Amino acid sequence: MTGLEALKAALGYAFLDDKLLLRALTHASVTHEENNQRLEFLGDAVLELCISAELFKQKRRDDEGGLTRRRQQLVCEEALFQVAQGLNLGAYLRMKQELVRSGGRRSPALLADAMEAVIGAVYLDGGIQAASDLVQRLWQPLISQADTALDAKGALQAYFQGQGLPQPDYQLTDQKGPPHQRVFEAAVLASGRELARAWGSTIKAAQQQAAEKALQTLKKEEADR
């Protein structure tokens, strides 16, 4: 089994129109017209709907906040990257050799974008049920692991709420690296005071790391009083 047939087998979906799958695998560096950017846009919305519906159908009775936090863990670059890696999606991406040589086939951002594009392609090819079946198959291990525990940003917000203080602000303070391997630095501030800053592969990841550092700082300050 070679080429796209191996990928289709891994996806568990047989495309009626293979051109849609090819487009989903085509980076904008190859062509500005028939690339995966529009499919990525569509796939992002389809994934959020499918995950929302799957979480809603589960027997556990999470409130809206709990459902939202679980969805955030499942509809994010990290989850998309993990699923894409499981499919060996990077091996099928069509991109310029410069990107290949610089590690484009292993880039979390590029793989996450391509995974969204594949979902968009399945939706266009087979409809919402086909897309929902795909998402349920590929995301089931992650869905089983997701819980309603507060992430670092949520925990920091809860801390300030409990103190009756204004909510913290996040600022993007720096970014570096090529477009497909860019990293970001974010700072978290409270009433103008910088609590912490950190780097991450996405802005969200950098904010989470900064929030985690801020929580550690605040807890240490409390302990030292």
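Contact here means heavy atoms within 4.5 Å. The structure is a predicted model, in which local features need pLDDT of at least 70 and side-chain atom pairs count only at pLDDT 80 or more, while totals for chains, interfaces and linings use all residues. Residues are numbered from 1 along each chain as its sequence is written, and side-chain values use heavy atoms, with hydrogens and water left out.

Helices (H or I, at least four residues) are DSSP runs numbered from the N terminus. Two packed helices are described by the angle between their axes and the distance between the axes. Axes are lines fitted to C-alpha atoms, for helices over the stretch in contact, and angles run from 0 to 180 degrees between N-to-C directions. Helix 8 (residues 152-162) packs on helix 9 (residues 203-224) at an angle of about 40 degrees, with the axes 8 Å apart. Helix 8 is therefore oblique to helix 9; angles under 35 degrees count as roughly parallel, over 145 as roughly antiparallel, 65 to 115 as roughly perpendicular and the rest as oblique. The crossing of helix 8 and helix 9 is left-handed, a term for a near helix turned anticlockwise from the far one by less than a right angle.

From helix 8, the residues A152, K153, A155, L156, Y159 and F160 meet Q207, Q208, A211, E212, A214, L215, L218 and E222 of helix 9. This contact has 9 nonpolar, 2 polar and 3 charged residues (Ala, Val, Leu, Ile, Met, Phe, Trp, Tyr, Cys and Pro count as nonpolar, Asp, Glu, Lys and Arg as charged, and the others, Gly among them, as polar).

The whole structure holds 2 aromatic pairs. Rings of Phe, Tyr and Trp (its six-membered ring) pair if their centres lie within 6.5 Å; planes under 30 degrees apart count as stacked, over 60 as edge-to-face and the rest as tilted. Y13 and F15 are edge-to-face, at 5.0 Å centre to centre and 85 degrees between the planes. The rings of Y159 and F160 have centres 5.6 Å apart and planes at 85 degrees, so this pair is edge-to-face. Y159 and F160 are both buried (under 20% relative accessible area, with a 1.4 Å probe and protein chains only). Y13 is buried at 13% relative accessible area, and F15 is buried at 8%.

In helix 5 (residues 77-86), the buried residues are A79, L80, F81, V83 and A84. Their cover includes helix 3 (37-57), helix 4 (64-74) and helix 7 (108-145).

N36 lies in the loop between helix 2 (18-24) and helix 3. N36 counts as buried, at 6% relative accessibility. Not counting residues up to four places away in sequence, N36 touches R23, A24, L25, T26, H27, A114 and A117.

Definitions and conventions
Helix = DSSP H or I, 4+ residues; strand = E, 2+ residues; numbered from the N terminus. Buried < 20%, exposed > 50% of the residue type's maximum accessible area, 1.4 Å probe, protein only.
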